Amino acid sequence: MGDLEIRPTAEDDIPAVVAMLADDPLGAQRESPDDLSPYLAAYERLSADPNQRLAVAVRGGRVVGTLQLTIVPGLSRRGATRSIIEGVRIDAAERGSGLGTQLIEWAVEESRRQGCHLVQLTSDKTRTDAHRFYESLGFSASHTGFKLQL
């Protein structure tokens with residue numbers, strides 16, 4: 001990975017992570033980088049949950065990518081454990097550099113280490129570039145997702 005380090009997110013990384021979450025048209029509508037309190041509270045919950053992996057990619061001492069990996073034990077598929085990748089973001093200056101591939105490959109390898117039999121990911125239906133990217137890594141569209149905003 002050269003000068004790239006992928007490691008667990010530290011509390012000090014949260015401002016950079018939130019900035020990346022907010023740095024696109026969808027994120028700009030739903031994220032609030034000016035008030036970090038809900039993100040810090042979420043970070044505490046994630047840090048306390050052994051099934052959560054909040055990771056950052058760091059290059060030259062700067063956070064340049066992030067994702068959340070959730071390990072989900074289950075009964076279906078003969079009791080298979082699966083993982084879910086969410087919140088994948090790459091700093092605008094790093095897009096197209098291969099960093100996204102490295103970050104997803106890290107998540108897939110971590111899923112294998114955790115005994116997962118299936119890796120799923122979520123992506124907003126409007127993110128067509130992201131869908132092409134995930135397909136280039138071997139993911140295939142397989143479900144129709146639904147959500148209920150509470």
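In this predicted model, I85 is in contact, leaving aside its neighbours within four places in sequence, with L67, Q68, L69, I104, A107, V119, Q120, L121, T122 and F139. I85 also belongs to the largest nonpolar core, a set of 20 residues in which those with the most contacts inside it are I6, A57, L67, I85 and I104.

- As a general background, nonpolar side chains in soluble globular proteins tend to be buried together.

- Five strands make up an open sheet, in which the order is 1-2-3-4-5 and the pairing is mixed.
- Strand 1 and strand 5 (116–121) stand at the edges with a single partner strand each, so that one side of each of these strands is left without a neighbour in the sheet.
- On average, and with direction ignored, neighbouring strands of this sheet are turned by 25 degrees against each other.
- Strand 4 and strand 5 run parallel and are joined by five bridges, and S83 stands opposite V119 in strand 5.

**Helix 5 on the sheet**

- Helix 5 packs on the sheet, where it touches strand 1, strand 2, strand 3, strand 4 and strand 5, and the direction of helix 5 makes about 30 degrees with that of strand 3.
- S111 is found in helix 5, and this serine counts as buried because its relative accessible area is 1%, which is under the 20% limit used for buried residues.
- Not counting residues up to four places away in sequence, S111 touches L69, S83, C116 and V119, so that its contacts include both S83 and V119, the residues that stand opposite each other.

- Helix 3 (residues 37–48) has 12 residues and reaches 17 Å from its first C-alpha to its last, which is close to the 16 Å expected at 1.5 Å a residue.
- Y39, Y43 and L46 are buried in helix 3, and, seen down the axis of this helix, its buried residues fall within an arc of 65 degrees, so they line one face of the helix.
- This buried set packs against helix 1 (14–22), helix 2 (25–30), strand 2 (52–59) and strand 3 (62–72), whereas R45 and A48, on the other side of helix 3, are exposed.

- R77, which has its place in helix 4 (residues 76–79), shows a phi near 60 degrees, a positive value in a residue other than glycine.
- R78, also placed in helix 4, has a positive phi of about 60 degrees although it is not a glycine.
- For context, most residues other than glycine have a negative phi.
- R77 counts as exposed because its relative accessibility is 57%, and R78 is likewise exposed, with a relative accessible area of 86%; the cut-off for exposed residues is over 50%.

Technical notes: Residues are numbered from 1 along each chain as its sequence is written. This is a predicted model: local features need pLDDT of at least 70, side-chain atom pairs count only at pLDDT 80 or more; totals for chains, interfaces and linings use all residues. Side-chain values use heavy atoms; hydrogens and water are left out. Helices (H or I, at least four residues) and strands (E, at least two) are DSSP runs, numbered from the N terminus. The expected span of a helix is 1.5 Å times one less than its number of residues. Buried means under 20% relative accessible area, exposed over 50%, partly exposed in between (1.4 Å probe, protein chains only). The arc is that of the directions from the helix axis to the C-beta atoms. Contact means heavy atoms within 4.5 Å. A nonpolar core is a set of buried Ala, Val, Leu, Ile, Met, Phe, Trp, Tyr and Cys residues joined through side-chain atoms within 4.5 Å. Two strands pair if DSSP finds at least two bridges between them. Axes are lines fitted to C-alpha atoms, for helices over the stretch in contact, and angles run from 0 to 180 degrees between N-to-C directions.
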